Amino acid sequence: MTDVLEFDSVSAGYGPFKALFDVSFTVGAGAAVALVGPNGSGKTTVARVASGLVRASSGAVRVGGEDFTGRRAFEFARAGVAHAVEGRSVFATLSVADNLSLSFGRSRGRRGVGAALDEAYELFPILAERRGQLAGTLSGGQQRMLSMARVLVEAPALLIADELSLGLAPIIIDQIYEKLALLRSRGTALLIVEQHVSRALELCDTAVLLRRGSVSWRGPADDALAMVMEQGVAGRAVSAGDRSSP
């Protein structure tokens with residue numbers, strides 16, 4: 001079976017600054033891969049290259065077996081690659097319903113918006129309760145749910161999730177990871193970029209450990225936590241004591 005995503009000796013950066021050095025790994029169809037490592041190791045750059053937001057300077061990026069090196073982000077999206085970026089990417093001055101409708105209208109057309117909204121509200125009932133509220137007045141966790149709903153409803157071939165748990169309370173993280181597991185059960189492959197290492201590894205089969213822009217280890221998720229500790233990468237575990245917003 002063809003891999004959904006393949007990095008073959010990929011290097012990339014920002015202007016003169018090089019962030020990735022000969023990175024190679026694959027994400028199989030329906031698989032879940034955790035991309036872990038310390039801050040500054042290149043995780044977010046990998047995510048951006050994988051969705052076309054940053055172009056590889058060398059090496060090859062393949063989607064579904066086809067060479068996508070140098071292609072633009074909208075071409076990755078058309079091929080079924082969705083990127084839930086770090087942070088809360090919502091239109092603050094639009095309502096919850098308008099945020100969702102704008103996104104679903106582009107992907108499903110006007111006639112498909114109603115059904116897509118129903119799916120989003122089923123995934124995250126709090127969004128249904130707050131459908132008329134301005135997105136900018138939602139809590140941090142609710143804004144994250146809103147940004148995730150726009151992606152999860154579309155059931156992409158590959159979902160790249162960048163720091164989903166950042167700044168969120170454990171109960172909200174639980175809900176989002178439940179939705180990711182549901183999405184995977186429906187056939188979507190996952191590339192999870194996460195500092196909460198133990199939580200990401202619970203969902204994933206395989207882990208790729210980055211250090212200083214290079215792959216320092218890759219293997220089964222069950223072995224990854226020990227390798228993370230051995231290499232001195234501080235993986236955080238989600239706990240009730242985390243200072244996060246609900």
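This report walks through the sheets, helices, pockets and a few single residues of a predicted model.

## Before you start

The model is predicted, with local features needing pLDDT of at least 70 and side-chain atom pairs counting only at pLDDT 80 or more, while totals for chains, interfaces and linings use all residues. Residues are numbered from 1 along each chain as its sequence is written, and side-chain values use heavy atoms, with hydrogens and water left out.

Helices (H or I, at least four residues) and strands (E, at least two) are DSSP runs, numbered from the N terminus. Two strands pair if DSSP finds at least two bridges between them.

## The six-stranded sheet

Let's begin with the open sheet of 6 strands, whose order is S6-S7-S8-S3-S9-S10 and whose pairing is mixed. Its edges are strand S6 (81–84) and strand S10 (214–220), each pairing on one side only. On average, neighbouring strands here are turned by 15° against each other, direction ignored. For angles in general, axes are lines fitted to C-alpha atoms (for helices, over the stretch in contact), and values run from 0 to 180 degrees between N-to-C directions.

Inside this sheet, strand S7 (residues 158–162) pairs with strand S8 (residues 189–193) in the parallel sense, over 5 bridges. Leu159 stands opposite Leu190 in S8. Helix H1 (residues 43–50) packs on the sheet, touching strand S3 (32–36), S6, S7, S8 and strand S9 (206–211); contact means heavy atoms within 4.5 Å. The direction of H1 makes about 150° with that of S7. Helix H7 (residues 170–185) lies across S3, S7 and S8, and runs at about 150° to S8.

## The four-stranded sheet

A further open sheet has 4 strands in the order S2-S1-S4-S5, with antiparallel pairing. At its edges are strand S2 (17–27) and strand S5 (66–67), each of which pairs on one side only. Strand S1 (residues 5–14) meets S2 in the antiparallel sense over 7 bridges, and Gly13 stands opposite Lys18 in S2.

Most residues other than glycine have a negative phi. Ser9 sits in strand S1 and, at 33% relative accessibility, counts as partly exposed. Asp22, in strand S2, also has a positive phi, near 50°. Asp22 counts as exposed because its relative accessibility is 52%. The classes are buried (under 20% relative accessible area), exposed (over 50%) and partly exposed in between, using a 1.4 Å probe and protein chains only.

## A buried valine

Val63 belongs to strand S4 and counts as buried, with 6% relative accessibility. Leaving out residues up to four places away in sequence, Val63 touches Val4, Leu5, Phe68, Phe76, Ala79 and Val81. Val63 and Val4 are 59 residues apart along the chain, yet their C-alpha atoms are separated by 5.4 Å.

## The pockets

A pocket is an open set of points on a 1 Å grid over the protein atoms alone, where a 1.4 Å probe fits, with protein on both sides within 12 Å along at least five of seven lines; lining residues have an atom within 4 Å of a point. The largest pocket holds about 740 Å³ of space. It is lined by 24 residues, of which Ala77, Val81, Ala82, His83 and Val151 are the closest to its centre. Helix H2 (73–78), S6, helix H3 (96–108) and helix H6 (140–152) are the elements giving two or more residues to this lining, and H3 gives the most, with 5 residues.

The second largest pocket has about 200 Å³ of space. Of its 19 lining residues, Asn39, Gly40, Ser41, Gly42 and Lys43 are the closest to the centre. S2 and H1 each supply at least two residues of the lining, and the largest share, 4 residues, comes from S2.

Definitions and conventions. Grid points are joined across faces, edges and corners, and a volume is the space filled by probe spheres set on the points.
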